[in-house]
Amino acid sequence: MGRDNETWVSEFILLGLSSDWDTQVSLFVLFLVMYVVTMLGNCLIVLLIRLDSRLHTPMYFFLTNLSLVDVSYATSIVPQLLAHFLAEHKAIPFRSCAAQLFFSLALGGIEFVLLAGMAYDRYVAVCDPLRYLAIMHRGRCARLAVTSWVSGSINSFMQTTITFQLPMCTNKFIDHISCELLAVVRLVCVDTSSNEVAIMVSSILLLMTPFCLVLLSYIRIISAILKIQSREGRRKAFHTCASHLTVVALCYGMAIFTYIQPHSGPSVLQEKLISLFYAILTPMLNPMIYSLRNKEVKGAWHKLLGKFSGLTSKLAT
């Protein structure tokens, strides 16, 4: 096929979730509220950790990174999604599509690797508490965080570059809510078997490898907890990991359930629901999980609210 018969499109049309106007308006209101809650929750968590010196520990250093990833991931998809709910022509320029794919793919990979680093942090906290601060020193925490950001970004850069160098067919309609990797690959005019293999390898490296590290960490954590004699000691040790374990179950559970299937990959509807899950639901729930299940965060909230109420009282008088 000659290059003239291959269309190098200037824009794509995202088909989204529904073509019904009333449904789109309802979804716009719903997702706008969820996006605002996501932004407020994660930004307040970062601010709280910054202001309260009691939260200047390795665990909350990683939580700050997780909140930044969640805010960035939601922002890479949701604003464009909201705009398209109210737009008649749901187009996205070629370069914007490539940028969206890069950032969403990178941030998704970063989160999976970051959760593995957080699992290691919880492993040290439970299994070697006396040496916790010596092991999880600032340099090691920084290296773990940098590893997650660099590995996710490199993988995304390679996938995005390879995908958008391929010739696109005349069909420029993407049956998705965003420029998702598999949805874009379907528009390519040439054989994409090598790309599909690359996507599979990438999924194994950035999903299954961190998951195996998380699983290994929690096997050792559970083993250590079972050796604790007192019920109260076991309860405190489990509480140390409860928030992270809940977030891990949300993030890895959905991805593994959807993509690791014996006979087929995810359907188009499943792909859309996965994108919504990671772009809106998970970033919104993470700060709630760490706030509701964590006494230190609750105490910091009460302290901050107490200072704020005292300040307003002084200003009023």
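**Close-ups of a predicted model**

**View 1. Cysteine 97 and cysteine 179 form a disulfide.** In this predicted model, the two sulfur atoms sit 1.9 Å apart. That falls within the 2.5 Å that a pair of cysteine sulfur atoms needs to count as a disulfide, and the count by this rule comes to one. Look along the S-S bond of cysteine 97 and cysteine 179 and you'll find a torsion of about -125 degrees, so this disulfide is left-handed.

**View 2. What does the pair of cysteine 97 and cysteine 179 tie together?** Cysteine 97 belongs to helix α3 (residues 94-127), while cysteine 179 is in the loop between β3 (173-174) and α6 (181-185). The bond therefore links parts that are 82 residues apart in sequence.

View 3. Cysteine 127 has a relative accessible area of 31%, so it is partly exposed. Cysteine 251, on the other hand, counts as buried because its relative accessibility is 0%.

View 4. Let's pick out one of them: leucine 51 lies in helix α1, which covers residues 21-51. Is leucine 51 buried or exposed? With 54% relative accessibility, leucine 51 counts as exposed, because the cut-off for that word is over 50%.

Technical notes
Residues are numbered from 1 along each chain as its sequence is written. This is a predicted model: local features need pLDDT of at least 70, side-chain atom pairs count only at pLDDT 80 or more; totals for chains, interfaces and linings use all residues. Side-chain values use heavy atoms; hydrogens and water are left out. Helices (H or I, at least four residues) and strands (E, at least two) are DSSP runs, numbered from the N terminus. Buried means under 20% relative accessible area, exposed over 50%, partly exposed in between (1.4 Å probe, protein chains only).
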